[in-house]
Each structure stands twice: as C-alpha cells, then as structure tokens.
Amino acid sequence: MTAQRQQAVNRRRDEPAQGASVAWFRHHRDCAVSALMRLVRNPVSSALTWLVIAISLTLPTLFYLALASLENQTERWQAGGQITLYLTDETTLQEGQTLTDELAQRPEVISTRYINADDAWQSFSQSLTLDTDRLQLESNPLPASIVLVPNGQSSAELEALRLVIDGLPQVEDIQLDLAWIDRLNRFLELIATGVTGLAILLGVAVLLVVGNTIRLAIESRKEEIRIVKLLGATEAFIKRPFLYLGLWYGLLGGLAAWVLVSGIAWWLHTPLSAFLETYGLDAHVTWLNLGETLFLLLCAMIVSWIGTHIALWRHLRDAEPR
C-alpha cells in the first residue's frame, strides 16, 4: 500500500515536467507548420525571395563545379610530370639499377625507369637529323639517368622529394621540368580563392535578403507581438515562429539553387563538350553529390538563420508594449 502511494506521488511529480516538454515540442511543431503555411499562402512573394536566394547560391556553386571539373581534367596532365636524375660517371650499372629499385620503394614515387648511357646515346642519335658518326666523339658524353614519376605534384611535395634526392651521392644533377605544373596549381589556388570570396559576398547578400523579409514579417505582426509580450511571453517564444520562417526560406532557396545548378550543368554540357573536343579533351558532366547537396542546403539554412537573428535583434525592440 505504501509502495503504491509512493508511485502515485512520483507520477504526480513527473507530470508537470512531462507536460512542459510536450508543450515545448508541440509549440515547435506548430511554429514550423504555420511558418510553412505562411509561405504557401503567399506564393508570389515567397517565390521571389527563394529565387533571389537561389541565384545568390547558384553562382558560387557553378564556379565550384567548374573548378572541380578543371582539377579533374588536369590530374592526368599532372600525373605525367617527371623528374630526371643524371648519375655521376663513377656510378656503375649495378649501382644505378639498385638506386632505381630503392627509389621505387619510396611512398612519394609512383614509378622509376633506369636508362643507361648507351641507351641514352642511341635515343639521342635517333632524334637527331645529323649523322652522329661525323661528330667523331671519343666517348659517349651522355650519363646514365633515372626517370622518376612523383606521386604528389604540389610545390611542397616536389620540394621535399627534391631535398631527399639531392643528397644522394650517385646523383650529379636533377632536371625538374614541372614549373608549368607549379604555375597550374597556383592558378587553381587563385580560382579557389576567388570562388571562396564570391561565396562569402553572395552569402552576405542572402543574409540581407532574408533579414529584410523577416523585418517585413515583424512589421506586419507588430501588434500581435505586443499583445503576446503583455501576456508574459518569453523572448524565445516570440522569436520561434520567425526563426522557423527563416529556416524555411533557406531550405527552399537552397533546393531552388540545386535545381538551377543541375539545369545549367545539363544545358551547358553539349556545347562545352563540342568546344573541348577541339582540344582533345573530354567533358564530363559534374553534378553535386549527396554530401555537396546537403552542404549547400545546410549553408543556405545557416545563412538564413543568421539573417533572421540579426533582423529580430534589430527590429523586435520596436514592438515593445507602450
């Protein structure tokens, strides 16, 4: 009997807390639904706001896709970069081949190829239009060499590999014909920096658009906000409907941006393929994958949420009860 009484006391003690939690979740659900219905009831003004958000997000996303496609295209060029190591005259055939095998085991190296002095001279002779017999050379002037294909093509990786090779006693000289790859990498870094700057600039534009839209929503409900404040509503209770409104603007604007990006990528594929084929290049359609799409939607929602907070911070003070 005592145990039953204690259970009844505990149940009565927990009921207010559970009721508050249920009311809190119910208010969130109602705010989310009413904010969405508010957008549906005003399709023209809502669509214009989504379109502005979508265009602001589409431009940096398209530049990002173009950069990703360019990097994919240039990977094959960079993979062809080689480093040639010219060995000293004192290096024997066995030592050269051993060094070639040792370099091939390094993680920074994709492949190596040893070229002895005789093969180098034969290849050189075949590439000349002159009769090499007339040169009357007493000995082969070309050294043995090792052609090395590095794994990484960035400036830091190439410099690190060069420092390792430069200390080898068998190596007399190093020919690093990858300056153009360094210039290409710096060009891609410049484009990536430009895309980041453009994304930040247009992100601020989205923030201002959403902030202005929320300001108009606050103005239209100013009397309602004053009455709710007089009844003792908290700041969180008053802000919640507007925050959900901002999140819906961001989510639907992000979805509209995804549709625009996919449509433009599909529309440009045919003329871009025809243009690149004249240079012997392949044009692959680059789409946003699932992770990138979710990142786009998340960024749109976060920027809209920040814009909503700023608008609430600036304009909710004007709705204080008189």
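Is Thr213 buried or exposed? With a relative accessible area of 15%, Thr213 is buried, where buried stands for under 20% relative accessible area, exposed for over 50% and partly exposed for what lies in between, with a 1.4 Å probe and protein chains only.

1. Basis of the note. The model is a predicted one, in which local features need pLDDT of at least 70 and side-chain atom pairs count only at pLDDT 80 or more, while totals for chains, interfaces and linings use all residues. Residues are numbered from 1 along each chain as its sequence is written, and side-chain values use heavy atoms, with hydrogens and water left out.

2. Overall architecture. The chain contains 9 helices and 4 strands, taken as DSSP runs (H or I of at least four residues for helices, E of at least two for strands) and numbered from the N terminus. Read from the N terminus, the order of elements is α-α-β-α-β-α-β-α-β-α-α-α-α. Of the 322 residues in the chain, 32% are buried. Among contacts with a separation of 6 or more, 82% join residues 24 or more positions apart, a contact being heavy atoms within 4.5 Å.

3. Helix α6. Thr213 sits in helix α6, which covers residues 179–220, and, once neighbours within four places in sequence are set aside, Thr213 is in contact with Thr49 and Tyr249. Leu201 belongs to helix α6 too, but Leu201 counts as exposed, at 59% relative accessibility. The C-alpha atoms of Leu201 and Ser56 are 9.1 Å apart, although 145 residues separate the two along the chain.

4. Largest pocket. The largest pocket holds about 550 Å³ of space. Of its 20 lining residues, Pro60, Thr61, Ala199, Phe295 and Cys299 are the closest to the centre. On a 1 Å grid over the protein atoms alone, a pocket is an open set of points where a 1.4 Å probe fits, with protein on both sides within 12 Å along at least five of seven lines, and lining residues have an atom within 4 Å of a point; the volume is the space filled by probe spheres set on the points, which are joined across faces, edges and corners. Helices α2 (43–79), α6 and α9 (290–315) each supply at least two residues of this lining, and α6 gives the most, with 8 residues. By class, the lining has 16 nonpolar, 3 polar and 1 charged residues, where Ala, Val, Leu, Ile, Met, Phe, Trp, Tyr, Cys and Pro are nonpolar, Asp, Glu, Lys and Arg are charged, and the others, Gly among them, are polar.

5. Nonpolar cores. Within the largest nonpolar core, of 25 residues, Leu57, Ile214, Ile218, Phe242 and Leu245 touch the most other members; such a core is a set of buried Ala, Val, Leu, Ile, Met, Phe, Trp, Tyr and Cys residues joined through side-chain atoms within 4.5 Å. Two or more residues of this core come from each of α1 (2–41), α2, α6, α8 (235–277) and α9, and α8 gives the largest share, 7 residues. Apart from this core lies another, of 14 residues, including Leu85, Leu99, Val109 and Ile165.

6. Cysteines. The structure holds 0 disulfides, a disulfide being a pair of cysteine sulfur atoms within 2.5 Å. Cys31 is buried, at 4% relative accessible area, whereas Cys299 is partly exposed, at 28%.
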